[in-house]
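Student: I am new to this structure and would like to go through it step by step. May we begin with the overall layout and then turn to the details?

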Amino acid sequence: MTDAPGRLPSSLTLVGAGKMGGSMLAGWLAGGLDPRRTTLIDPAPAPEIVALCEARGLGLNPAAPPASEVVVLAIKPQGLAAAAPALDALLGPDALLVSILAGKTIADLRTRLPSARAVVRAMPNLPASIGRGATGAAANAEVSADQRDRADALLAATGLVEWLADEALIDAVTAVSGSGPAYVFLLAEALAEAGVAAGLPPETAARLARATVAGSGALLDGSPVAADALRRNVTSPGGTTAAGLAVLMRADGMAALLREAVAAAKRRAGELAG
Ligand SMILES: NC(=O)c1ccc[n+]([C@@H]2O[C@H](COP(=O)([O-])OP(=O)(O)OC[C@H]3O[C@@H](n4cnc5c(N)ncnc54)[C@H](OP(=O)(O)O)[C@@H]3O)[C@@H](O)[C@H]2O)c1
């Protein structure tokens, strides 16, 4: 069997072609996944997914789904119990299961899906939908080096992938990068509000704050320099930025607040798991 380009699997079944599943699929097909060896299972696929399957020859809800090297699970976590019997039937003895279900541990998945052996649990985030995501991933002991490579290629289609030594760290990943986009959106909101308080018209403040957050993110992304060095580079001693940062960097400032926020989100991820 020859490998698809970029270490992508030679055959794949995607269960759940919604927002995240559909975005990942677009990345995989662009990366060279063979559409004729790709099967989608989704009870009510969006019209664009149906059109994609027709145009590129992907299998859509076949009566007898073929055995695939990798099965990616991208349904809502609360749908797992109902979907489990049909899902379990998709898993051959050598299949790799890749799950992006929030809060479902590898042990939960193996309990629900008795045929699952090699399992990768991943936590992507919202920008994965535009190929700019950050994903934390953990594999169980049954995942071979080759299967991990396949999972890495699949997850990398949506952006950065960080492999975790311990699945328990997924809750921390959820709190940092999973919930992180909302923290950044809040920064844009709060900066706009502060601009209004400083006298700017609301619309002007909102546009300036939004462009500042987006532009700074792009700058950070395109730079090999670490965030703290970039910050220092734009901070002249005694200048305006230094005056603002002196407030944000005090002991009870932004770092302390984010530590507290991440701890709270991590705690909540633990409570919601299962
Ligand atoms: N979106 C994010 O930013 C994000 C981030 C991290 C993790 N996740 C995880 O990604 C997973 C998917 O999230 P999403 O936002 O992509 O949800 P979504 O848009 O609702 O996608 C789920 C898809 O699965 C389909 N589905 C439901 N039951 C199914 C079944 N039994 N067999 C096959 N397909 C089924 C749904 O169809 P219907 O619409 O007809 O029910 C829908 O098309 C979740 O587990 C979530 O925890 C998402």
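## Layout of the chain

Student: Which domains does the domain assignment of the chain give?
Tutor: Domain bounds are taken from an automatic or database domain assignment. The model is predicted: local features need pLDDT of at least 70 and side-chain atom pairs count only at pLDDT 80 or more, while totals for chains, interfaces and linings use all residues. Residues are numbered from 1 along each chain as its sequence is written. On that numbering, the assignment gives domain 1 (5–170) and domain 2 (180–272).

Student: How many residues does each domain give to the contact between them?
Tutor: Over C-alpha atoms, the centres of domain 1 and domain 2 are 34 Å apart. Two residues are in contact if their C-beta atoms, placed from the backbone, lie within 7 Å. By this criterion, domain 1 gives 4 residues, and domain 2 likewise gives 4 residues.

Student: What is the make-up by class of the side of domain 1 that touches domain 2?
Tutor: Ala, Val, Leu, Ile, Met, Phe, Trp, Tyr, Cys and Pro count as nonpolar, Asp, Glu, Lys and Arg as charged, and the others, Gly among them, as polar. Sorted in this way, the residues on that side are 2 nonpolar, 2 polar and no charged.

Student: What percentage of the chain counts as buried?
Tutor: A residue is buried if 20 or more other C-beta atoms lie within 10 Å of its own, exposed if 12 or fewer, and partly exposed in between, with C-beta atoms placed from the backbone. The chain has 274 residues, and the buried share of them is 32%.

Student: In what order do the strands of the open sheet stand?
Tutor: Helices (H or I, at least four residues) and strands (E, at least two) are DSSP runs, numbered from the N terminus. The chain has 11 helices and 8 strands. Strands pair if DSSP finds at least two bridges between them. In the open sheet, the pairing of the 8 strands is mixed and their order is β3-β2-β1-β4-β5-β6-β7-β8.

Student: Which strands are the edge strands?
Tutor: An edge strand here pairs on one side only. That applies to β3 (59–60) and β8.

Student: Why is strand β7 described as largely enclosed, and how many of its residues are buried?
Tutor: G133, T135, A137 and A139 point one way from β7, whereas A134, G136 and A138 point the other way, and all are buried. Strand β7 (residues 133–139) is largely enclosed by the rest of the structure because its buried residues number 7 of the 7.

Student: Which residue of β7 is the bridge partner of R121?
Tutor: Strand β6 (residues 118–123) runs antiparallel to β7, and 4 bridges join them. The partner of R121 in β7 is A138.

Student: Which residue in β8 stands opposite A137?
Tutor: The pairing of β7 with strand β8 (residues 159–163) is parallel and has 5 bridges. Within it, A134 stands opposite L160. Opposite A137 stands W163.

Student: Is I41 buried or exposed?
Tutor: I41 belongs to strand β2 (residues 38–41). Leaving aside residues up to four places away in sequence, I41 touches T13, V15, N61 and P65. It has 23 C-beta neighbours inside 10 Å, and I41 therefore counts as buried.

Student: What is the phi of N61 near?
Tutor: N61 is found in the loop between β3 and β4 (70–73). With 14 C-beta neighbours inside 10 Å, N61 counts as partly exposed. Its phi is a positive value in a residue other than glycine, near 45°.

Student: Which residues come nearest to the ligand?
Tutor: A residue is near a molecule if its C-beta atom, placed from the backbone, lies within 6 Å of it. By class, the shell has 16 nonpolar, 6 polar and 3 charged residues. Helix α1 (residues 19–30) supplies the largest share of the shell, 3 residues. Of the 25 residues around the ligand, the nearest are G16, G18, M20, A83 and A102.
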